[in-house]
Amino acid sequence: MSAAPFGFFGKIIEIDLTGGDARVLPLDTALVADYLGGRGLATRLFYDAVDPQCDPLGPDNVVVIAASPLIGTTAPTSARGHMVFKSPLTGVIGTSNSGGGWGHTFKSAGYDALVIKGKADSPVWIDIAPGKIEVLPAHHLWGQDIHATNDELTSGFEAGSRPRALCIGPGGENLVLYAVVGNDKNRVYGRCGGGAVWGSKNLKAIRVQGKEKIQIHDKERYQSGYDQALYLLRQAPVTKRLMRELGTAGLVELINVINMLPHRNFQDCTHRPEDLERMSGETIAKTILEKAAGCYLCPIGCQRHTRIDGDDGSTQRGEGPEYETVVLMGPDCGIYDLAAITTANYRCNELGIDTISFGGTVACAMELGERGLLGAEKEGGLDLRFGAAAELEKLAVDTAHRRGAGALLAEGSYRLAERCGRADLSMTVKKLELPAYDPRASFTQALGYMTSPSGACHLRGGYAVSLAFFGGTKEIPRFSLLQSPIAIRNMQNTGILQDSLGVCRFTGYAFGSDPWSRMLTGVTGMDFSVFRLEEIENRVASLERLFNVEAGATAADDALPPRFAETPIVVAGEEKMVSEQAQERMRRDYYSVRGWDSEGRPTRALLEDLAIAPRAGRAS
Amino acid sequence: MAVTVKFFAYFREVFGGRECGVPAAEAATVGALLDRLGDTPQRRAELLAGAGLKPHLVIMINGAPLPPDRPLETALKDGDVVAIFPLLGGG
């Protein structure tokens, strides 16, 4: 074990909630060299600590949150944290990232990672500051929403020393399978149901505070990367102005132009442009937007602080909606009502449920309702039709509390559709609801959903709607079976790097690995060349896959719902779908690109090549 | 007999509207269309850089991207819908 003086503190907190014990363990420098931080480091610590066969909502599940060596510097957007757990929604790795300020403050408390095991007998929260780690009763917080909990734990402090809190709302307490962990008030670890895992452990909140500083090894080298990054962020239109002007919902009309915007549970991609205009980023900016803002250290500023004025003279304020929320709680449910979507979004943020999975589950319930497939479920109050905008907000509240129809929606679309005998009507991969890009409009995106370690996620699976998508000299044709496997591997790897650095996806619209390499090497004094970063990306991808294989996932799980192989949509005048044969070919080639065997399993030789050690404390 | 041009994001302010029609005779190619649209130095600077397309500019014809080789020479015909927008991202 060597000292870790630059870029990190060399300290991991491990808390066993069963006994309420906390201890500080040394962080092996070799782990930072091999797994960096954030997603990479959290995945390795998680892999070493958890039984892949464990019950995700049982005491044996483990939650790991990790910071990166860049967190604590001034690097743009470097305040993000990454959380890894076994997902109760999917049964495979749950891996989720969040902005806000918590990641930065956690690092400032003097720690690099947090490992949470066991289950408390009754509700608890954890208080972390330099020299202090306490597990405290949370009866007074249990039942409160994310905003109230955050206020309770972080108010009353002097400016400059205000702590930050992660917490769950009623969604997590009630084990909604896609409950989030809230970060500040409106940022979330959104996907895969991390909030339900916290709820199952009786863990309500984690507050952090501190002003510890990391040491930078080579300030000049760090600065050279920083200057390059900031210059490029100020050149690219998307990071320079568009995100601040339009937010992510600026994509709504654009994604419709390329025939990729889902409609009525992904039955087609056909909309009236005037309907979409009512909920576009441009319209949001002109109507409900009060302020654009950024996360800590972010010059991009995509946050939408909005206001909805009710017909009764009432005013509500909150954040959102983002592109994914607009589309999945909107057109995918046959709804084109911005106020209804936004107020339901506010409730999801406050009560702590993922807007993507919630929207996808409601859309699925609507299709089941329209097809007359709801039997006993109707008795539970679930009888929806597409376009039911007036129901949306109440459905979100009922879902978070598992009341009435909400008890069925809380299980996610796959389990709902399965109990109605039509699992094929759940638009999921590995039981995780699809984001708002129809995979029939891009084979590359389709393969990303298929092979994402966490199920259908555009952030873990690769985001194909990049500059290369739209033509130009670096174009990757979106229906190329040949190029999609390598293209999506590269996009996934970029995501692994960003998640492991603790930085925002949107920096990728301005620059690639090189500025990060300079900053990282400058901060740590370790070799983080672009080549070494690529090694880390491949290592993390194969370790995530290894966990999934050990948890029971197979190649058959790397598949789209039948709808996408059987029912075409029209893209640029041509019918498109992703046939079983196309999926099989891309899957095979992707496994080959990754160096996995024909069943998608990392081979022993690959694990040796990538220096992925067997699980700590266990012989291979 | 016209090509329809649809503008997105800040191009709506630059070109003063959501869309416009350009006579097909004045828009035989993408290059000719952009010449026609770039009728002030500011508008031209938003579309073209030197002899090529401005970086981060996305142009799609009937929902399909421009070809990577010689995009400005792409032929247009009556009834085509040309979408012009800056690269956007989301998530």
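Student: What is the area buried between chain B and chain A, and which share of it do carbon and sulfur atoms give?

Tutor: This is a predicted model, in which local features need pLDDT of at least 70 and side-chain atom pairs count only at pLDDT 80 or more, while totals for chains, interfaces and linings use all residues. Residues are numbered from 1 along each chain as its sequence is written, chains are lettered from A and ligands numbered from 1 in the order in which they are written, and side-chain values use heavy atoms, with hydrogens and water left out. Buried area is the accessible area (1.4 Å probe) that two parts lose on being put together, summed over both, and for chain B and chain A this comes to about 2,500 Å², with 67% given by carbon and sulfur atoms.

Student: How many residues of each chain are in contact?

Tutor: Contact means heavy atoms within 4.5 Å, and by that rule 23 residues of chain B are in contact with 35 residues of chain A.

Student: Why is the pair Arg18(B) and Glu277(A) called a salt bridge?

Tutor: A salt bridge is a side-chain nitrogen of Lys or Arg within 4 Å of a carboxyl oxygen of Asp or Glu. The N to O distance between Arg18(B) and Glu277(A) is 3.0 Å, so the pair meets the rule. Arg18(B) also forms a salt bridge with Glu253(A), where the closest N and O atoms are 3.6 Å apart. This second pair crosses between chains, from the loop between helix 1 (11–15) and strand 2 (19–23) of chain B to helix 9 (residues 251–257) of chain A; helices (H or I, at least four residues) and strands (E, at least two) are DSSP runs, numbered from the N terminus. Between chain B and chain A the count is three salt bridges.

Student: What makes Glu253(A) buried or exposed, and how is Arg18(B) classed?

Tutor: Buried means under 20% relative accessible area, exposed over 50%, and partly exposed in between (1.4 Å probe, protein chains only). Glu253(A) has 6%, so it is buried, whereas Arg18(B) has 34% and therefore counts as partly exposed.

Student: Which domains does chain A have, and where do their bounds come from?

Tutor: Chain A is divided into domain 1 (11–208), domain 2 (244–433) and domain 3 (439–609), with bounds that come from an automatic or database domain assignment.

Student: What is buried between domain 1 and domain 3 of chain A?

Tutor: These two domains bury about 3,100 Å² between them, 67% of it on carbon and sulfur atoms. Of the area that domain 1 of chain A buries against domain 3 of chain A, Leu36(A), Arg39(A) and Tyr47(A) supply 23%, more than any other three residues. In terms of contact, 39 residues of domain 1 of chain A meet 37 residues of domain 3 of chain A.

Student: Why does the pair Asp34(A) and Arg539(A) count as a salt bridge?

Tutor: The N to O distance is 3.9 Å, which is within the 4 Å limit, so the pair is a salt bridge. Between domain 1 and domain 3 of chain A the count is three salt bridges.
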